[in-house]
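Please keep the structure in view while reading the points below.

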Amino acid sequence: MNFNLSQVIDLMNMKKYHESLNLLNKLENEDKENFEILNLKGFIYLKLSKFENSINYLTKALAKKNESFHTLCYRSGAYSEVGNYEKAIIDLKKAQKINPQSYDVYLTLGDAYSNLGENDKSIEYFLKSL
């Protein structure tokens, strides 16, 4: 194999998501259980608005490394995009325990609760994000 994950990340930084995905598919054929490959594929699918694919790969990545802050945040975003705010909140609360200083998590929790019509909780988390 004459490419690696750093080349995939370089392509991602250039927003060449389809090319990144093609390389990841080749890498995945050699190592289907690699956390980084699974996580990157989930992230790319999120960027490509293929939310079910994103959830699938991020769930596989979390099975390998369930304390991954970024993976939990990415999957919560995919869940939110498909309207599953309850699962998004579960992931965000796990992420909050890992990094309680992240204002983005509090802000996103506020959004999720707002989408569920739970305005008191939404305001609580919006205020915490400040």
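The model is predicted. Helices H3 and H4 are roughly antiparallel to each other, because their packing angle of about 155° is over the 145 degrees at which that description begins.

**Packing of H3 and H4**

- Two packed helices are described by the angle between their axes and the distance between the axes.
- Helix H3 covers residues 35-47 and helix H4 covers residues 51-64, and their axes lie 7 Å apart.
- The crossing of H3 past H4 is left-handed.
- On the H3 side, the contact is made by Phe35, Leu38, Asn39, Lys41, Gly42, Phe43, Tyr45 and Leu46.
- On the H4 side, the residues that meet them are Phe51, Asn53, Ser54, Tyr57, Leu58, Lys60, Ala61 and Lys64.
- By class, nine residues of this contact are nonpolar, four are polar and three are charged.

**H4 and its buried residues**

- H4 has 14 residues, which should span 20 Å at 1.5 Å a residue, and the distance of 20 Å between its end C-alpha atoms agrees with this.
- The buried residues of H4 are Phe51, Ser54, Ile55, Tyr57, Leu58, Ala61 and Leu62.
- These buried residues pack against helix H2 (17-30), H3 and H5.
- An α-helix has 3.6 residues a turn, so residues three or four places apart point the same way.

- Helix H5 (residues 69-81) contains 13 residues, and its first and last C-alpha atoms are 19 Å apart, close to the expected 18 Å.
- Buried in H5 are Phe69, Thr71, Leu72, Arg75, Ser76, Ala78 and Tyr79.
- The elements covering these buried residues include H3, H4, helix H6 (85-98) and helix H7 (103-115).

**Packing of H7 and H8**

- The axes of H7 and H8 are 7 Å apart and form an angle of about 160°.
- That angle makes H7 roughly antiparallel to H8.
- H7 and H8 also cross in a left-handed manner.
- From H7, the contact involves Tyr103, Tyr106, Leu107, Leu109, Gly110, Asp111, Tyr113 and Ser114.
- From H8, the contact involves Lys121, Ser122, Tyr125, Phe126, Lys128 and Ser129.
- This contact of H7 with H8 comprises seven nonpolar, four polar and three charged residues.

**Two residues of H8**

- Serine 122 belongs to helix H8, which runs over residues 119-129.
- Serine 122 has a relative accessible area of 4% and is therefore buried, as the cut-off for burial is under 20%.
- Beyond its neighbours within four places in sequence, serine 122 touches Gly110, Tyr113 and Ser114.
- Isoleucine 123 is also located in H8, but its relative accessible area of 48% makes it partly exposed.
- Isoleucine 123 lies 16 residues from leucine 107 in sequence, and their C-alpha atoms are 9.6 Å apart in space.

**Positive phi values in two loops**

- Lysine 15 sits in the loop between helix H1 (5-13) and H2.
- The phi of lysine 15 is near 60°, a positive value in a residue other than glycine.
- With a relative accessible area of 61%, lysine 15 is exposed.
- Serine 49 is placed in the loop between H3 and H4, and its phi is near 60°.
- Serine 49 is partly exposed, at 47% relative accessibility.

Notes. Residues numbered from 1 in each chain as written. Predicted model: local features only at pLDDT ≥ 70, side-chain atom pairs only at ≥ 80, totals over all residues. Heavy atoms only, no water. Axes fitted to C-alpha atoms, helices over the stretch in contact; angles between N-to-C directions. Helix = DSSP H or I, 4+ residues; strand = E, 2+ residues; numbered from the N terminus. Parallel < 35°, antiparallel > 145°, perpendicular 65-115°, else oblique. Left-handed = near helix turned anticlockwise from the far one by under 90°. Contact = heavy atoms within 4.5 Å. Nonpolar A, V, L, I, M, F, W, Y, C, P; charged D, E, K, R; others polar. Expected span 1.5 Å × (residues − 1). Buried < 20%, exposed > 50% of the residue type's maximum accessible area, 1.4 Å probe, protein only.
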